[in-house]
Amino acid sequence: MPVPLLDLKAQHAAIKDSVVAEMLRVVDDQAFILGPAVERLERAVAQLSRAKHAIGCASGTDALLLAFRALDIGRGDEVITTPFTFFATAGTIHNVGATPVFADIEPETFNLDPALAAAAVTAKTRAVVPVDLFGQMAEIERFSERMPDIPVVEDAAQSIGARRRIRGRDVMAGEAATIGTLSFFPTKNLGGYGDGGMMVTQDDALAMRLRRLRIHGGAREYFHDEVGYNSRLDTLQAAVLLAKLPHLEGWSSARREHARYYDEALAGVAGVRTPVVRAENESIFNQYTIRADRRDDLAAHLKKKGIGTKVYYPLPLHLQPCFAYLGYKAGSFPESERAAAEVLSLPIFPELTPAQLEETVSGIRSFYGR
Ligand SMILES: *Cc1c(COP(=O)(O)O)cnc(C)c1O
């Protein structure tokens, strides 16, 4: 029995009628650019994220780019982030003209270490970008505690609906940041049928600026206060996402159940370390990522058995050829480099069957000979 890493067709089959109905409404209205579905989705996501404002845009990448522009970050500025993340986190820092400054991760959660990030602050630091990797929130409150005057852009592309208990209160992904950024890339927990993204903030002025930047920088049509972008959330995507949103919580809790199964079933397997979720966090498990001895051989073994896995991410960003100009070397961030060599993400999508979960576990056990 094959076990794909992700089966989007299984999900689509279960919700097809409601998705198609929402899409048809947009088609019948012919209101394709910033149509009513975009605003409806913005309101729903703001509520979910407990944010005062949510602003749709073309992708999770653009959400980061627009966030940096709204914070006036550009040439000569430094932005601190993790090297163990998807490329866009640092690519967008470069693309606004600023310099990415990396700090290493905390090995248990794979998230940016607040103490190491604070140690990287200079007079040029204009923002810090913790990433909620694999669906678990970073220690978001500790960044503003350690660097109170530095804006926090939370890359929540993988963590919509995740929460973290801070001083006795549940805080949602994006809620506590200066700006939180979301992605609706199809593989995320809330995925569109194409690209899409969103920014959340509690700040009225930043929200207004973000709304302006996504339509070429003009608050009034054909009058431009600054140079912005064409980066709207497509109305058809908003319609798809509106139909999917009521299912998000159920899907994420199905992922958590699968994670619990893996945690128990893999606990005794020498060679495998299961992911750590901090007691104060509730992860949405966008990925279930183990550390594995002989990782590449394990992946090949599972592939032969028809079990899909993937390495997120095989080369930390400080070692990417495009960032050679930053001057980092192998050994600059040992925890990120170790993670890149050891991690393997297993199938965790909500529609996985018990038989598929068992198949994955027995594939792993057979590799390690137990
Ligand atoms: C997916 C992702 C992005 C980019 O989102 P897109 O919608 O694909 O542009 C940014 N950061 C992280 C951590 C991501 O996982």
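**Helix packing and local features of the predicted model**

Helices α9 (residues 248-265) and α12 (residues 354-367) pack with their axes 11 Å apart and at an angle of about 30°. Because angles under 35 degrees count as roughly parallel, α9 is described as roughly parallel to α12. The structure in which this pair occurs is a predicted model. The crossing of the two helices, α9 and α12, is right-handed. On the side of α9, the residues that take part are His-258, Tyr-261, Tyr-262 and Ala-265, and these meet Leu-357, Glu-358, Thr-360, Val-361 and Arg-365 in α12. By residue class, the contact of α9 with α12 comprises 5 nonpolar, 2 polar and 2 charged residues.

Ala-37, Val-38, Arg-40 and Leu-41 make the contact from α2, while Thr-235, Ala-238, Ala-239, Leu-241 and Leu-242 make it from α8. Of the residues in the contact of α2 with α8, 7 are nonpolar, 1 is polar and 1 is charged.

Helix α8 itself is mostly covered, with 9 of its 10 residues buried. The buried residues are Thr-235, Gln-237, Ala-238, Ala-239, Val-240, Leu-241, Leu-242, Ala-243 and Lys-244. These buried residues of α8 pack against α1 and α9 as well as α2. At the N-terminal end, α8 is capped by Asp-234, a side-chain oxygen of which lies 2.9 Å from the backbone nitrogen of Leu-236.

Attention then turns to a charged residue in a strand. Arg-291 is found in strand β12 (residues 288-292). With a relative accessible area of 10%, Arg-291 is buried, since the term applies to values under 20%. Two polar contacts of the Arg-291 side chain can be described. In one, the side chain reaches the backbone oxygen of Pro-107 at 2.8 Å; in the other, the side chains of Arg-291 and Glu-342 are joined by a polar contact of 2.9 Å. Leaving aside residues up to four places away in sequence, Arg-291 touches Pro-107, Phe-110, Gly-271, Val-272, Arg-273, Arg-338, Ala-339 and Glu-342.

Backbone geometry was also examined in the loops. The peptide bond that leads from Tyr-312 to Tyr-313 is cis, with omega near 10°. Tyr-313 lies in the loop between α10 (295-304) and α11 (334-342). Positive phi values occur at Gln-30, where phi is near 55° in a residue other than glycine, and at His-216, which is not a glycine either and has a phi of about 65°. Gln-30 belongs to the loop between α1 (8-29) and α2, whereas His-216 is found in the loop between α7 (204-213) and α8. In terms of accessibility, Gln-30 counts as exposed at 52%, and His-216 is partly exposed, with a relative accessible area of 39%.

Note on methods
Residues are numbered from 1 along each chain as its sequence is written. This is a predicted model: local features need pLDDT of at least 70, side-chain atom pairs count only at pLDDT 80 or more; totals for chains, interfaces and linings use all residues. Side-chain values use heavy atoms; hydrogens and water are left out. Contact means heavy atoms within 4.5 Å. Helices (H or I, at least four residues) and strands (E, at least two) are DSSP runs, numbered from the N terminus. Ala, Val, Leu, Ile, Met, Phe, Trp, Tyr, Cys and Pro count as nonpolar, Asp, Glu, Lys and Arg as charged, and the others, Gly among them, as polar. Buried means under 20% relative accessible area, exposed over 50%, partly exposed in between (1.4 Å probe, protein chains only). A polar contact is a pair of N or O atoms within 3.5 Å; within protein, one must be able to donate a hydrogen and the other to accept it, and residues adjacent in sequence count only if both atoms are side-chain atoms. Axes are lines fitted to C-alpha atoms, for helices over the stretch in contact, and angles run from 0 to 180 degrees between N-to-C directions. Angles under 35 degrees count as roughly parallel, over 145 as roughly antiparallel, 65 to 115 as roughly perpendicular and the rest as oblique. A crossing is left-handed if the near helix is turned anticlockwise from the far one by less than a right angle, and right-handed if clockwise.
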